[in-house]
Amino acid sequence: MTAIRNINSTDSDFREKLDSLLTANDELGPELTRTVMDILEAVRNRGDTALVEYTNRFDNRDARIAELELNPNQLVEAAKYIPDELQHALEEAARRIRSYHEKQLMQSWTYEDSDGVMLGQQVTALDKVGVYVPGGKAAYPSTVLMNVIPARVAGVGEIIMTVPAPGGELDSTVLAAAHIAGVDRVFTIGGAQAVGALAYGTESVPAVDKIVGPGNKYVATAKRLVFGIVGIDMVAGPSEVLIISDGSGDPDWVAMDLFAQAEHDEDARAILVCNDEGFIQSVTASIERLLPEMERAGIIHAALENEGALIQVKDLEEAVEVANLIAPEHLELAVNEPDELLPRIRHAGAIFIGHWAAESMGDYCAGPNHVLPTARTARFSSPLGVYDFQKRSSLIRCDRESSKGIASIASVLARCEGLTAHARSAEYRLNETEK
């Protein structure tokens with residue numbers, strides 16, 4: 001029997017129980033940080049030599065540096081030999097993802113203010129981006145599509161992908177996805193050493209401007225440590241789903257949607273928030289009946305025990321309050337009138353509206369990105385998108401006449417702050433206009 005926790009908002013210690021749930025898996029630990037720092041420092045100082053040593057040690061390989069980069073023809077060939085149905089699915093998913101992200105493109109703009117000063121914003125793409133794709137336990141072609149396509153749409157100059165190859169084995173579907181998405185170079189390296197190589201550069205791996213893509217705790221810690229040297233998308237934690245239900249749906253659907261997150265790993269978080277006690281009991285029964293038939297039953301069972309919860313609330317208003325407090329990565333509004341709740345949702349990475357919008361569709365092919373803020377970071381951050389691969393430069397143009405007003409203001413404010421050179425720099429222009 002699955003020992004998923006049951007919490008009721010009427011419990012006197014409800015908030016304590018909720019806080020305990022939300023903080024259960026967010027500790028990285030000093031030992032992990034020291035280990036990752038050592039790897040990063042070795043790659044920074046010894047380049048390719050350290051990269052090969054760690055790759056061979058951690059991935060059980062006997063490779064030379066020249067063997068770590070794939071020939072572009074290998075991506076083309078991989079795309080030819082995967083099953084037709086899979087090829088079609090990848091291409092259709094890529095089409096939908098590309099179509100959605102094309103709508104996110106930011107454009108440059110300018111205007112002239114009342115003083116005649118031209119102001120604006122120039123939007124440019126990043127020069128070089130590294131995409132980390134996990135490997136080992138499973139293959140994730142969807143990760144390739146979701147990280148590479150927005151970068152390609154943004155106009156990034158060069159996209160470099162790293163993917164570990166344990167025992168020298170690579171998944172052809174991942175390589176096919178790389179070809180479809182438009183990756184420029186692929187290196188078969190993983191772990192913190194891959195992050196270090198992308199951040200610092202080695203003799204063979206170029207340094208990039210930004211690193212995106214998920215990974216294990218070593219990868220997440222490495223991204224956190226190199227942030228500032230390069231940009232990163234986010235430090236992603238375990239996957240999460242929160243389902244708000246009014247008891248109107250099919251309990252089997254809800255149970256399976258909880259499983260869909262729980263099967264990622266033992267730390268994945270799957271939560272149901274419902275105002276109907278009888279429906280919660282029905283979902284519990286569905287969990288017990290359906291779990292034994294799942295291929296990853298052991299992982300799901302552990303995740304539900306470790307991080308899962310069935311939360312009973314008084315009404316849907318309170319359900320929304322709980323959801324906004326948790327700020328989940330994925331939020332399903334599995335209710336009869338989801339549009340009534342939607343305007344009140346403030347914090348969620350992706351929102352799935354109504355009974356028919358399964359979170360798994362968003363993971364693969366709906367169109368929006370599946371790289372989402374986790375661990376309550378949806379309170380202040382957003383899904384990965386084209387805007388993560390574009391940057392903005394401010395534009396200011398003055399002529400002799402239009403500089404008068406702002407030079408005078410700048411002079412006064414600079415002297416107020418005691419920055420005389422700032423003031424005189426503006427005053428030179430002001431004095432010249434008054435001649």
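User: Let's start with the fold. Among contacts between residues at least 6 apart in sequence, what percentage join residues at least 24 apart?

Analyst: Bear in mind that this is a predicted model. In the protein, 73% of the contacts between residues at least 6 apart join residues at least 24 apart.

User: What box do the C-alpha atoms fill, and how much of the protein is buried?

Analyst: Along the principal axes, the C-alpha atoms fill a box of roughly 90 × 60 × 45 Å. There are 435 residues, and 48% of them count as buried. The accessible surface comes to about 21,000 Å², with 49% of that belonging to carbon and sulfur atoms.

User: And charges? How many positive and negative side chains are there?

Analyst: The protein has 39 positive side chains and 66 negative ones. The centres of the two sets lie 9 Å apart.

User: Now aromatics. How do I read a pair of rings, and how many pairs are there?

Analyst: A pair of aromatic rings is described by the distance of the centres and the angle of the planes. This structure holds three aromatic pairs. One of them is Y54 with F58, which is stacked: the centres are 5.7 Å apart and the planes make an angle of 15 degrees.

User: What kind of pair do W253 and W356 form?

Analyst: That one is edge-to-face, with 5.1 Å from centre to centre and 75 degrees between the planes. The W253–W356 pair links distant parts of the chain, 103 residues apart. W253 is in helix α10 (residues 251-262), while W356 is in the loop between β13 (350-353) and α15 (359-364). W253 is partly exposed, at 39% relative accessible area, and W356 is exposed, at 70%.

User: Back to α3 for a moment. What does the side chain of T55 reach?

Analyst: T55 lies in helix α3, and its side chain reaches the backbone oxygen of L51 at 2.8 Å. T55 has 0% relative accessibility, so T55 counts as buried.

User: Which residues is T55 in contact with, leaving aside its neighbours within four places in sequence?

Analyst: Those are N60, R61, L68, T188, I189 and Q193.

User: Next, helix α13. Which of its residues are buried?

Analyst: The helix spans residues 316-326, and the buried ones are E318, A319, V320, V322, A323, N324 and I326.

User: What covers those buried residues?

Analyst: The cover includes helices α1 (14-22) and α14 (338-341). It also includes strands β9 (240-245), β10 (269-274), β11 (309-312) and β12 (330-334).

User: What do I see at the two ends of α13?

Analyst: At the start, a side-chain oxygen of D315 reaches to within 3.3 Å of the backbone nitrogen of E317. At the other end, α13 is followed by A327, whose phi is positive.

User: What is the phi of A327, and where does A327 lie?

Analyst: Phi is about 50 degrees, a positive value although A327 is not a glycine. A327 is in the loop between α13 and β12. With 0% relative accessibility, A327 counts as buried.

User: What about the phi of A375?

Analyst: Phi of A375 is also positive, near 50 degrees, again in a residue other than glycine. A375 is found in the loop between α15 and β14 (390-397). A375 is partly exposed, with 42% relative accessible area.

User: One last stop: where is P238, and what separates P238 from Q261?

Analyst: P238 lies in the loop between β8 (231-232) and β9. P238 counts as partly exposed, at 23% relative accessibility. P238 and Q261 are 23 residues apart along the chain, and their C-alpha atoms are separated by 9.3 Å.

Definitions and conventions:
Residues numbered from 1 in each chain as written. Predicted model: local features only at pLDDT ≥ 70, side-chain atom pairs only at ≥ 80, totals over all residues. Heavy atoms only, no water. Buried < 20%, exposed > 50% of the residue type's maximum accessible area, 1.4 Å probe, protein only. Helix = DSSP H or I, 4+ residues; strand = E, 2+ residues; numbered from the N terminus. Contact = heavy atoms within 4.5 Å. Polar contact = N/O pair within 3.5 Å; in protein donor to acceptor, adjacent residues only side chain to side chain. Areas by Shrake-Rupley, 256 points an atom, 1.4 Å probe, with all protein chains shown as cover. Lys, Arg positive; Asp, Glu negative; His and termini not counted. Charge placed at Lys NZ, Arg CZ, Asp CG, Glu CD. Phe/Tyr/Trp six-rings, centres within 6.5 Å; stacked < 30°, edge-to-face > 60°.
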